[in-house]
Amino acid sequence: MQRYIYLLLSFIQIFTCFAQNIATDDYIGFYQKFLSNQKNSRCAMYPSCSKYGQMAFKKFPFPKAISLTCERIMRCSHDAHYYDITYQYGYRSLVDYPHENFPIQIIHNRFQSPHTDILKQRSDRDKNLLFINQLINKEEYYPALLEIERLQFFNHSNIRLYQQKLLCYRGLKEYEEGIFEYETEFPDTAKKNTEVQMQAAILYYCTNNFNNVIKLTEEIRNNAKNPSDIQKANALDGILSAQNEKYDTALTSFYKNVGTSSLNQQNIHIINQMMKQKKKRPALARILSIIPGAGYLYTKHKGSALTAFIVNSLLGYATYTSIKSENYGMAGVCGFLSLSFYIGNINGAGRSATRYNLKKKNEQIRKLERINNIFY
């Protein structure tokens with residue numbers, strides 16, 4: 001029922017006189033306020049279909065926005081394994097935005113929860129650090145951050161506090177806050193420490209700021225005395241190269257980690273799998289979608305393919321029968337919806353090819369992150 005109500009609200013939009021954003025907000029806002037809460041079902045996607053429509057109409061021109069919205073309605077709740085998971089609504093939802101830039105921290109379990117050394121076996125252990133590390137290993141990141149702030153307020157000079165502070169920000173998923181403090185408040189002695197630089201590099205990685213990751217890993221390789229720091233820097237560079245599909249460069253970075261032959265074999269095996277991965281072509285998916293659903297079927301979005309075929313077929317038939325019965329008003333409504341869903345089916349199939357390729361690549365990237373202990 002939700003979908004059909006939303007279709008009607010979307011159709012009303014065509015008659016608004018150049019007041020696109022205001023009218024859309026009004027119609028969708030009315031649906032969200034008075035109709036959405038009366039249903040017993042809930043949207044499987046995040047943001048919900050109605051919120052997705054609002055975002056699309058605010059960001060894009062009307063033709064693209066209506067196409068995106070109709071295509072989302074066809075995809076809603078289907079092919080869940082191609083989407084990341086979030087619990088922003090308090091229940092499991094599939095992450096799907098009308099644009100590429102969205103807060104990555106909403107993704108459930110995208111990055112491993114950080115932990116640190118126990119320190120109990122070290123003769124030079126600091127009791128304050130021991131307590132903070134205990135909190136971190138119990139994933140009590142906020143109390144650990146408060147303890148770090150307390151010690152730094154009383155001029156506790158241990159450089160590891162800065163490393164632990166960045167680690168706590170990562171555990172709290174406050175990546176930007178950690179980066180801001182690193183860039184503006186950390187002393188130069190902390191910024192030049194390779195262990196602190198590694199934690200900062202991981203924060204940059206979590207926000208897709210890859211240029212700064214490369215800059216820091218280069219400094220770590222040049223200045224680090226601990227071989228494990230150099231190995232992690234090489235691994236991080238290799239993963240970044242793999243993300244950018246520069247597989248030869250990725251292999252070179254992993255080969256630099258001498259003495260880790262077993263790990264290197266795993267890394268090389270994953271990179272070779274990525275090189276052999278057959279990609280789905282967005283252009284071909286769009287061409288196949290001349291037959292509604294065929295493009296989705298090509299990209300292995302079977303649920304979306306079936307829905308696209310049924311919805312487009314029903315709307316096409318409704319348009320035909322309305323014209324045949326000379327009910328031209330209904331024919332106009334059905335024709336508009338039919339065209340919107342048909343275009344959405346074509347463009348959406350192209351996006352599904354991109355989604356398929358990205359999903360396959362990310363599966364391998366996350367394997368590389370895990371076996372190289374990037375986030376530990």
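In the predicted model examined here, helix 5 (residues 127-137) and helix 6 (residues 141-153) pack at an angle of about 160°, and their axes lie 8 Å apart. Helices (H or I, at least four residues) and strands (E, at least two) are DSSP runs that are numbered from the N terminus, while axes are lines fitted to C-alpha atoms, for helices over the stretch in contact, with angles that run from 0 to 180 degrees between N-to-C directions. Helix 5 and helix 6 are therefore roughly antiparallel to each other, given that angles under 35 degrees count as roughly parallel, over 145 as roughly antiparallel, 65 to 115 as roughly perpendicular and the rest as oblique. On the side of helix 5 the contact (heavy atoms within 4.5 Å) is made by N128, F131, I132, L135 and I136, and on the side of helix 6 by Y141, P143, A144, E147, I148, R150 and L151. These residues divide into nine nonpolar, one polar and two charged, where Ala, Val, Leu, Ile, Met, Phe, Trp, Tyr, Cys and Pro count as nonpolar, Asp, Glu, Lys and Arg as charged, and the others, Gly among them, as polar.

Residues are numbered from 1 along each chain as its sequence is written. Local features need pLDDT of at least 70 and side-chain atom pairs count only at pLDDT 80 or more, while totals for chains, interfaces and linings use all residues, and side-chain values use heavy atoms, with hydrogens and water left out.

For helix 10 (194-206) and helix 11 (residues 210-223), the packing angle is about 160° and the axes are 8 Å apart; the two are therefore roughly antiparallel to each other, and helix 10 passes helix 11 in a left-handed crossing. Here T194, Q197, M198, A200, A201, Y204 and Y205 of helix 10 meet F210, N212, V213, L216, E219, I220 and N223 of helix 11, and by class this contact has nine nonpolar, four polar and one charged residue.

Helix 3 (residues 49-59) and helix 4 (residues 62-75) also pack at an angle of about 160° with axes 8 Å apart, and they are therefore roughly antiparallel to each other, but their crossing is right-handed. In helix 3, C49, Y52, G53, A56 and F57 meet F62, A65, I66, L68, T69, R72 and R75 of helix 4, and the contact comprises eight nonpolar, two polar and two charged residues. The loop between strand 1 (45-46) and helix 3 holds P47, and the peptide bond from Y46 to P47 is cis, with omega near -5°.

Of the 40 residues that line the largest pocket, H99, E100, F102, L358 and N362 are the closest to its centre. Two or more lining residues come from each of helix 4, helix 10 and helix 18 (328-371), and helix 18 gives the most, with ten. By class, the lining of the largest pocket has 16 nonpolar, nine polar and 15 charged residues.

The second largest pocket contains about 550 Å³ of space, and of its 22 lining residues S228, D229, K232, N373 and Y376 are the closest to its centre. Helix 7 (160-171), helix 10 and helix 12 (227-243) each give two or more residues to this lining, with the most, five, coming from helix 12. The lining of the second largest pocket has six nonpolar, eleven polar and five charged residues.

Key:
A crossing is left-handed if the near helix is turned anticlockwise from the far one by less than a right angle, and right-handed if clockwise. On a 1 Å grid over the protein atoms alone, a cavity is a set of points where a 1.4 Å probe fits but cannot get out, and a pocket is an open set with protein on both sides within 12 Å along at least five of seven lines; lining residues have an atom within 4 Å of a point. Grid points are joined across faces, edges and corners, and a volume is the space filled by probe spheres set on the points.
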